[in-house]
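Me: Please show me the structure, and then let us go through it by question and answer.

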Amino acid sequence: MNAARLRTFGLLLLAALLLALPALIRVPYFLQLVILALIWVVVAQGQNLIQGFTGYVSIAQAGFMGIGAYTSTLLSLKAGWPVGLTMLLAPCFTAVLALFVGYPSLRVKGHYFAIVTLAYNMVIFIVLLTWSKLTGGEAGLSNVPRPADVVLGPVTWALSGRAGYYYLVLLAAAGATLFCTLVLRSRVGRVLVALRQNEALVEAVGVAGWRYKLFAFVASASLAGLAGALYAHFIGFLNPDPFGVDHSLNAILAVILGGSGTLSGPVVGAFVVVFLPEYLRVAETYRLVTYGLILVVATIFMPRGLVPLLAQGFKALAVRWRRT
């Protein structure tokens, strides 16, 4: 079996496993963690678009996630719009906001860009926290509705249930990954990678690099907005706490740990960021310290992330197996 057939077989096996996962998981809490991890896959894919492909570190992903969450929640809860429509409008509104703030922000480079986006996240968090008449402030918004069930002939897609919502977020995570794949394999993706390698050279050959950087920033924010809407309608309660700077740092960690600039890296990193703190609850007193040490060690000894390291290991095993 050649490498292409082996890769196709592996993808089909993974797809079958993902489709059957709700039936395989007996504990509802674990299924909830998987759903949250898939939502973070959408966030991490957006972060990878601006960080891994373009080379600009944005610390505003959680803030844009909050914009999408509150947009969809307010439109559905207070305006009475259908949840499916509000979830589609949330990334669009987030993209428009990112377009206005991204244009002046991308005039700065390197650490200055990261500082500017950090300020954006702080401003968004403060607005969500203090504009209590609209957002509910610290008290938050309760009874956030779930999407209505979808009837497909004799089959009903029960989105109000946990298993049905799993397939919705799985579709969103697969769509975000497919979108990033198409971007990377297009001319836009090649320009983004070139900007990461040598921005001055790209501009020297006459390419308007700022347009491509702005596209990456807006697309990254829109994916975060979609993830925020998915999160809000799944949890059922919304307050500003999940949209602080620390969660933006988790998005950066998901990309770094999984493999920056790879398509499967954010998927692996998102599951690590969600599941690792939960498994460390057995050591509740030292949980945060242990989590921090694991992240530091992983960053030092696996600078390229888990996916490139595993890929290198599999290649070495394949070469050794062929020789024998």
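**Burial and surface**

Reply: Not counting residues up to four places away in sequence, Thr71 touches Ala90 and Phe93, where contact means heavy atoms within 4.5 Å. This is a predicted model, in which local features need pLDDT of at least 70, side-chain atom pairs count only at pLDDT 80 or more, and totals for chains, interfaces and linings use all residues. Residues are numbered from 1 along each chain as its sequence is written, and side-chain values use heavy atoms, with hydrogens and water left out.

Me: Is Thr71 buried or exposed?

Reply: Thr71 lies in helix 3 (residues 61–77); helices are DSSP runs of H or I with at least four residues, numbered from the N terminus. Buried means under 20% relative accessible area, exposed over 50%, and partly exposed in between, with a 1.4 Å probe and protein chains only. Thr71 has 13% relative accessibility and therefore counts as buried.

Me: Is Leu11 buried or exposed?

Reply: Leu11 belongs to helix 1 (residues 3–24). Its relative accessibility is 54%, so Leu11 counts as exposed.

Me: Why are the buried residues of helix 8 on the same side?

Reply: The buried residues of helix 8 (residues 187–197) are Gly189, Val191, Leu192 and Leu195. They are on the same side of helix 8 because the arc they cover around the axis is only 160°, taken from the directions from the helix axis to the C-beta atoms.

Me: Which exposed residues does the face of helix 8 turned away from its buried side carry?

Reply: The buried residues of helix 8 pack against helix 2 (28–53), helix 7 (162–184), helix 9 (199–204) and helix 10 (209–235). On the face turned away from the buried side, the exposed residues are Arg190 and Gln197.

Conventions:
Helices (H or I, at least four residues) and strands (E, at least two) are DSSP runs, numbered from the N terminus.
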